[in-house]
Amino acid sequence: MSKQLVLMDCDGGVDDYLSVMLLMTMTQVQPIGVIVTPADCYIEPAVSATRKILDLMGCHDVPVAESTVRGINPFPRLYRRDSFIVDHLPILNENETIKTPKVSESGQNFMVRSLQQAPEPVTLLVTGPLTTVASAIEISPEIEAKIKQIIWMGGALNVPGNVERSLEAGQDGSAEWNAYWDPIAVERVWQTNIPIVLCSLDVTNNVPVTSAFVQRIGKQRRYPLSDLAGQCYALVIPQDFYFWDVLATAYLAHPEFYQLREWETVIVTSGLSQGRTKVEPGGRLIKAMEKVDTERFYEYILQQWKR
Ligand SMILES: [Ca+2]
């Protein structure tokens, strides 16, 4: 059986690095590139850290591209600074130079070219805002036919969002951050006919990063990937942290862990609810992860990072 082609578009947060780490361990997929969108990060350390992680895993043939799109509502600096910390972790700095190539074209142009050149439709795994995808579709609308599906960590359907009112003055708390960064881009992607599978807060709220989990990964820290993952989770454990991006990523290898459900949805693009992914009859049909077998998920990632 041929492997599923996957193009990843992440945004340089802690769980984006861990998602790259999980994706590269999967035997079921063939990653054709990793794009970093400048959202939940500062872009230079985020691109650097992503390339160093690919080096650590011996995946030097997977190119990394830097998207140059811009969002509307920036992520908080407190989140974005994690990109500097991860880029400076000792385990990622044993070598003088980085082997994994950074392509010279922008991430959005790289997405267009990769899809045009792919021998078959490609799955897009998007663990940040949809701006790079929307931009690529604007550049070259015919690539829509080369996108098999979009797995997107984003949105909040029947639960509150995670854009806190205290941080973002005037917002009503209904938006999820990846959608809030650029609601216009979400709506643009919603206008296509590409199958969309959402890993929204509805499901991720049930899969927290717990001290018990971090201690489990600590017990296997003699494996470099577990050591790195444990350090990353220790960095974010003071926040209310969930397996957002990693949960979306694991779906590629083990869809049977998940139950999906269809919803009709619209995107709110302005005002106090901007970025809300709202369930509304007659709206755009998507599938969303409804439930996940949490224990099998935890076991799976612990197993994959035992290397
Ligand atoms: Ca992310």
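Within what distance do the axes of helix 1 and helix 11 come, and at roughly what angle do they cross?

Modeller: This is a predicted model, in which local features need pLDDT of at least 70 and side-chain atom pairs count only at pLDDT 80 or more, while totals for chains, interfaces and linings use all residues. Residues are numbered from 1 along each chain as its sequence is written, and side-chain values use heavy atoms, with hydrogens and water left out.

The axes of helix 1 (residues 14-23) and helix 11 (residues 224-236) come within 10 Å and cross at roughly 160°. Helices are DSSP runs of H or I with at least four residues, strands are runs of E with at least two, and both are numbered from the N terminus. Axes are lines fitted to C-alpha atoms, for helices over the stretch in contact, with angles from 0 to 180 degrees between N-to-C directions. The crossing angle makes helix 1 roughly antiparallel to helix 11 (over 145 degrees; under 35 is roughly parallel, 65 to 115 roughly perpendicular, the rest oblique). Helix 1 passes helix 11 in a left-handed crossing, meaning that the near helix is turned anticlockwise from the far one by less than a right angle.

On the side of helix 1, V14, L18 and M21 take part; they meet L225, L228, A229, C232, Y233, L235 and V236 in helix 11. Contact here means heavy atoms within 4.5 Å. Y233 leads on to the largest nonpolar core, which has 70 residues, those with the most contacts inside it being Y233, F243, F297 and W305. Such a core is a set of buried Ala, Val, Leu, Ile, Met, Phe, Trp, Tyr and Cys residues joined through side-chain atoms within 4.5 Å, where buried means under 20% relative accessible area with a 1.4 Å probe, protein chains only (exposed is over 50%, partly exposed in between).

Neighbours within four places in sequence aside, F297 is in contact with F243, V207 and V292, among others. F243 is also touched by T204, a residue of helix 9 (residues 201-204). With 0% relative accessibility, T204 counts as buried. A second, separate core of 35 residues includes M111, I143, A179 and V189. A179 is in turn among the residues that G275 touches, and G275 lies in the loop between strand 7 (258-267) and strand 8 (277-279).
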